[in-house]
Amino acid sequence: MAPRFITQPPHEVALGAPRGIASSAAPLVLQRSDDNFVEAVLDEFTTEAGRGKLRASRAAARDTRQVLKLFQPIQRQHHLAVFEAWCDVPGTPRIDPARVESAGLVVRRVRRAGTAVLEGWMQSRGQLRGWLPVDRIGGPARDPAGPLRLRHGRTGVDDIDRELVRIDLQQPDALLNEHVVPMFAAPPEVCRAAGKTVYYGIVPTVSSELAETAAAFDETGSFGPESADFRSHLVQALRGEQMDFPLDGETLDADWAEAAEIATTDKPAGVSSAHWDQLKPGGSARTSLQRVLRLLRQLDGEFNAFNGTTAHALALRQQLAAIRLPLKLREHETVARTTDAETFLRQATRVLVERDASAPRPEMPTHWPALPSHQAQALRLALSRSVAERFAQLNPAPGRYDDPAAQYVVRAFVRLKPECGCPARIVWSASTEPFVIAPWYEGSGAPPVRISLPDVSDRNLLRSLKPNVSFAVPAALQNLLSGNPKDLLEGKKPPDAGITIGWICSFSIPIITICAFIMLSIILGLLDLIFRWMAFIKICIPFPKKGDS
């Protein structure tokens, strides 16, 4: 009688940091600054001394909150995730790489709005969807590839499976694909020397990808129309409070804005002595006019109140038009006069902010009245909607790592081939501890880049510095540069030199660098009076001359 073989189900597979180097069910994240860091890491796996170096190169930088911090490639630091895969049976032998169909890692954002929510960087049907909760793909342990998820749970009966796929495809998130960074098995000789099956992959900390969906303006709900932050940001008139206007009853003059904001005691040309006395530093109307300018700039710049054509912009203008601003009674007048706020503010913006000489110049009202609570709330709601719309217009697409305060985790996986009659399956590691990505300007501890400057006192060297970059200069700009530099320093437009043709001007980039370096040193010294930063940002040390040889 022939022997009967019973098919055994495949045993479990475990993933984690390479044993003997770290003890964790999550991948080990290394931080390296060597140029050939992948080759160096793989080589270090083959010896005990090398594995000691791996332990020492574990990412360990922390921010002020003691959260793990990774750096960007521009900071000359790279991060490599490594994990070991082994059979979860007695003796825990290393897994045969031939059983693995593919391996990868995902970087997930930890959104902390109340409870922590894991988000994956998703795309679907050719559209980059941005960060979405991983619950949208069925949870953190589901396969990140939409087509592979569709294969899960099939019956093996073609007609039934086709119908199940058709039903699944009707779900909007059925084909969401989470971004996966491929991981690679270490070469066989490395795994043999290490006694482990090791996988490695680069942890991305920078990306130029932009989501094709609109950026969220107020994710935490802390900047709504009635929030303290939003209300305190508004000029008091937009909060619905009374605000006095300066120089009431007079016709607006574009030169008032310069007079109210100039820091010196030199009277600007075009401003009368009477107005200058009120608008100069310490003048009685200076602060009030600065507040009016802020009101105009908020409405024009932040809320796009006068140029917007959307429904929200129109709604805001309707709110402003419903507010009546009292005008000063003229001599012999007995009937109160008013103007609507929308008309006055629109004209005032053209005169005082845009300095448009052709704009009609309105009369300055006496004050902005305190609004009834319902009208003030309606105004703040219209402002809030307008600024959210403005934000979406100016920030049409959120980048992958735009949020400097965001925290992320890395999680790795392997897809195992079908075996012993069982279907293919995915096995996940645990997630790493949360980490932040250091902003590009932060030092990483890597040695600074050194740029050698030429000695400009060497005449022979100067002769060798031939121009190596050219600028095509328009006639108008050449006219400006041909004037007296003293006029430019004083903010005066030089007289027209009569130049009507364009120019090509060539320079030496090393000389441009020296000029920039000298100007930088001067400006750093001046601003040190304010920021007291010189001890942190500039370190100069002497070094001995090198021999002629």
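1. A quick term before you look around: a salt bridge here is a side-chain nitrogen of Lys or Arg within 4 Å of a carboxyl oxygen of Asp or Glu. Keep in mind that this is a predicted model. By that rule, the structure holds 29 salt bridges.

2. Start with Glu119 and Arg109, whose side chains meet in one of these bridges at 2.8 Å, N to O. The pair links distant parts of the chain, with Glu119 in strand S6 (residues 115–124) and Arg109 in strand S5 (residues 100–113), 10 residues apart. Both Glu119 and Arg109 are buried.

3. Next, have a look at Arg415 and Asp143, which also form a salt bridge, 2.8 Å from N to O. Here the partners are 272 residues apart: Arg415 belongs to strand S16 (residues 407–416), while Asp143 sits in the loop between strand S7 (127–133) and helix H3 (146–151). Arg415 has 13% relative accessibility, so it counts as buried. Asp143 is at 11%, so it counts as buried too.

4. Lys280 and Asp277 make a salt bridge whose closest N and O atoms are 3.9 Å apart. Lys280 counts as partly exposed because its relative accessibility is 31%, and Asp277 is partly exposed with a relative accessible area of 45%.

5. There's a network as well: salt bridges link Glu12, Arg99, Glu419 and Arg425.

6. Ile523 lies in helix H16 (residues 509–531), and at 41% relative accessibility Ile523 counts as partly exposed.

Note on methods. Residues numbered from 1 in each chain as written. Predicted model: local features only at pLDDT ≥ 70, side-chain atom pairs only at ≥ 80, totals over all residues. Heavy atoms only, no water. Helix = DSSP H or I, 4+ residues; strand = E, 2+ residues; numbered from the N terminus. Buried < 20%, exposed > 50% of the residue type's maximum accessible area, 1.4 Å probe, protein only.
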